[in-house]
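Please read the following report alongside the sequence and the three-dimensional view. It takes up backbone geometry and helix packing in turn.

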Amino acid sequence: MNLRPLFVVQFDRIMALSSGARTNFKITSGTSGNLEFIQPRVDPVERTVVFALGPGADPLQPNTEYRLIIEDSKRAADRLAAFDGAPFEGREVIRFTTGTDPTAQTSNDPQAVDACAAVRALQAKCSGAACHGFDPTGRTRGPTAPAMGLSLVSDDAIDKTAKNRAAVLVQLASEPGGTGEASTKFPYGLPLIAPGASSRSFLLYKILIDSRRKAPLSPSGAVAIPPPHPDLALENPPADPFVRMAAELHARVPGAPMPHDELAPEPGHPGYGPMLLDEVRILRRWIDDGARPCVGTMAGGDAGTDVGADGSVDGATDAAADGG
Amino acid sequence: MTDSLDRSSVPKIAPGCDLTKLPIGPREGFVLSRIDGVTSIGAIAALCGFPYDEMERVFARLSELRATYFGEAPPWSVPPPPPPESPKPPPVAHRPVVVRSRPRRWSPDELDEPVELEREFKTRILDVFGWLDDLDHYELLGVSRDAERKAIKSAYYGLASTFHTDRHFGKNLGSFKSKMEVIFGRITAAHDILANKARRAEYDAYLLDRDRTKAFERYVAGEDPYEQAFEASIPEPTPVPKPVPEPPPASEPDAPPISTRSAAEEARRSRREALARRLVGSSSRLRTSPAPAPTPSVPAPTPPTAEQSQAAADALRRRYEDSKDNARRSLAKNLVDAANKSLGQNDLLSAATNLRLALNYDDDPALREQYEDVNRRARDTMAETYLKQARYEEQDGKWAAAANSYTKAHEGRPDDALLCERTAHALRMEGRDLHKAARFAELAVQKSPSTADFRVTLGAVYLDAGLFLRARSELEQAAKIDPNSTVIKDLLARARKMAS
């Protein structure tokens, strides 16, 4: 086993954006105290929380048994909960033993990020003239005013209309620029794409609530998805676990699932179809990697636009658009 | 604000309203200070110097706050709500204020389109969509021009969420969907500009220019708000009361004399009030004064004869005419003073307006000469203002507005070839009147035949208009002037292909 491993803990549902605090995860052995971690990252596609040892922490010792302890925190800001508010119940202890190879290397995200593949997926599935692309006539919406102000047709368009742009559907007029949990149990204040934080990117949730994608949300295949907390269950939940999970998510996320299949780019076109699981994973990695442009270096967005370390939009500077 | 609001409407302060606690800006406060229950909106507009549409906005706000009303009594029955202790964000269902006071620009048939939207919301969409091109960003978001950034964002999120089509996912929205998208786009553009300090400053400067050019257009059209204010400020002479007929001979000698004395006293009081109304221009204050108690000891006065009444009427009319002449002279002097003050502040348009108005009341040759000089300088200045305005509109892709502004700028500087070319370009981009675009482009080429860009614009206009031979000829001329231009080569290739 690598002695500076990447820990990936998969949960049965998408974790809340406030989760992943370092205090929720502890690794100990018989000879060492708690190890220092970098800030964990929530992966909404795989329903995982990912974390690694901090740069100042000593590597794991070879041939040593460790215990990974997962538990909720009493501090409100560090609660470990699902996106729908279901709390992490009890205390989970996972035991593992390290191997003997101290030279193996790892990265925070072992899979390569293909920015062009991500942009291509958005172009192919979302950027028709009737959707988040350009209006070719330029008459009704103008060349830079695609559906709901969101254009996903190019690096430049994504940069100007999606990155760090507030998603209108999850903003509160009474608290412009604020963040928190809305009454729908879904966070408000999210941008469409928060570079570096897929779990704070509204666009990804709009794609995840599309239940047509018949594939298990697990890298290892079918994973049993237990029913939600009784207080949060739907009245008539679909039988298929994945469909049920998408429906649960949809009950929280405002607006329509994306892509729209009824908006064909031209008469006779079958429509865009659902985003495939591989495409969603590419998008997730691309966003977590900073949502960098496919070609060259993109020019900066609107002056003053900023994003916090957690991907939140700066309330004083965000602009807005919406869609997915 | 009501649809019936016009210049002659007289606003009144709502009873019980604490004006000191209203969350209003300086403009609203200034207007409030001019409301006396007698002066009309037209006169108040002139007194404040605000354009009439701004007055509409101000009164819409004051009516919303239940600070003012029109008519006999406030349209609401409950006392005005207490103003908030501290500024609070506007409600989510934010509404562009100005639209409600404007006439409808849609057909009732549109409202009957069978879609899955509430009728009230459909009305709102049609209202906003109909006036979209006429509303400035502040009006669209329903915020004042001095609104803070947070208020702008609150208004934006409230409106954007309302008009977001995704809110109505799965519903049949029919033709309302595209209207909502257009409104959303405009709201977003308004927000993006107003929420950015530098862009807002540019936009504010543009609005200032636009206000000035609007005022200039009113000036050119000869609209005279002061004239209306002046007329409104001088009351029409009230008809002199007819002579009281001789009382009939008492048929009942025992009738108490007090009733006869009371009637005569009432007639005298009524005449006094009529005179006072004419001199003061108000009746409300006098009506509140209690009538003096009849004095039984005073003998009953003799009613006036017809000759006496006529003499009184003539005297009153003379006093009225004198009052009017004095008012005209006084107004002319005030206007000249105001013009000189405006000149000191380099506000040529105000100066020209005031001088022209002063001439209406005092046709002095020296005054006329001064007016003509200031008028010429004002027109020169306005051409520059129109040009700035046109550039902003062009940058913003508002081609119709840009074409109009360039045309106006050209009127002020008819010899400027570049202005001709820019006007042609804007008209071409607007795409509505290619004949006019061609005329301006031809004028530009005529004034500066060796400028390749002008010929390119003319060639492009010809191409758009389907005049391919002319386009080819013009672009060939341009290619001779600038043989390396790829733009010209591309256009020329297209023109040749179309012409062949």
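## Backbone geometry in chain A

A:P259 is placed in the loop that runs between α4 (241–252) and α5 (277–288) of chain A. In this predicted model, the peptide bond that joins A:M258 to A:P259 is cis, with omega about 0°. As a point of background, most peptide bonds are trans, and most residues other than glycine have a negative phi.

A:R47, found in the loop between β3 (41–43) and β4 (48–52) of chain A, has a phi near 60°, which is a positive value in a residue other than glycine. With a relative accessible area of 1%, A:R47 is buried, because the cut-off for that class is under 20%. A:N164, which lies in the loop between α2 (155–161) and β7 (166–167) of chain A, likewise has a positive phi near 60° although it is not a glycine. The relative accessibility of A:N164 is 11%, so this residue also counts as buried.

Chain B contains 21 helices and two strands, and 41% of its 500 residues are buried. Among the contacts in chain B with a separation of 6 or more, 66% are between residues 24 or more positions apart. The accessible surface of chain B amounts to about 27100 Å², and carbon and sulfur atoms account for 53% of it.

One of the strands of chain B, β2 (residues 68–70), holds B:Y69, which at 10% relative accessibility counts as buried. Although B:Y69 and B:P15 are 54 residues apart along the chain, their C-alpha atoms are separated by 9.7 Å.

## Helix α5 of chain B and its surroundings

How far apart are the end C-alpha atoms of helix α5 (residues 119–131) of chain B? They are 19 Å apart, and this agrees with the 18 Å that its 13 residues should span at 1.5 Å a residue. The buried residues of α5(B) are B:F121, B:K122, B:T123, B:R124, B:I125, B:L126, B:D127, B:V128 and B:W131. Their cover includes α4 (108–111), α6 (137–141), α7 (149–163) and α8 (176–194) of chain B.

Of these neighbours, α8(B) packs against α5(B) at an angle of about 55°, with the two axes 10 Å apart, and α5(B) and α8(B) are therefore oblique to each other. The crossing of α5(B) past α8(B) is left-handed. On the α5(B) side the contact is made by B:F121, B:K122, B:I125, B:L126, B:V128 and B:F129, and on the α8(B) side by B:F176, B:K179, B:M180, B:V182 and B:I183.

## The pairing of α15 and α16 in chain B

Helix α15 (residues 365–395) and helix α16 (residues 399–412) of chain B have axes that come within 8 Å and cross at roughly 160°.

How values were computed: Residues are numbered from 1 along each chain as its sequence is written. Chains are lettered from A and ligands numbered from 1 in the order in which they are written. This is a predicted model: local features need pLDDT of at least 70, side-chain atom pairs count only at pLDDT 80 or more; totals for chains, interfaces and linings use all residues. Side-chain values use heavy atoms; hydrogens and water are left out. Helices (H or I, at least four residues) and strands (E, at least two) are DSSP runs, numbered from the N terminus. The expected span of a helix is 1.5 Å times one less than its number of residues. Buried means under 20% relative accessible area, exposed over 50%, partly exposed in between (1.4 Å probe, protein chains only). Contact means heavy atoms within 4.5 Å. Accessible areas come from the Shrake-Rupley method with a 1.4 Å probe; for residues, only the protein chains shown count as cover. Axes are lines fitted to C-alpha atoms, for helices over the stretch in contact, and angles run from 0 to 180 degrees between N-to-C directions. Angles under 35 degrees count as roughly parallel, over 145 as roughly antiparallel, 65 to 115 as roughly perpendicular and the rest as oblique. A crossing is left-handed if the near helix is turned anticlockwise from the far one by less than a right angle, and right-handed if clockwise.
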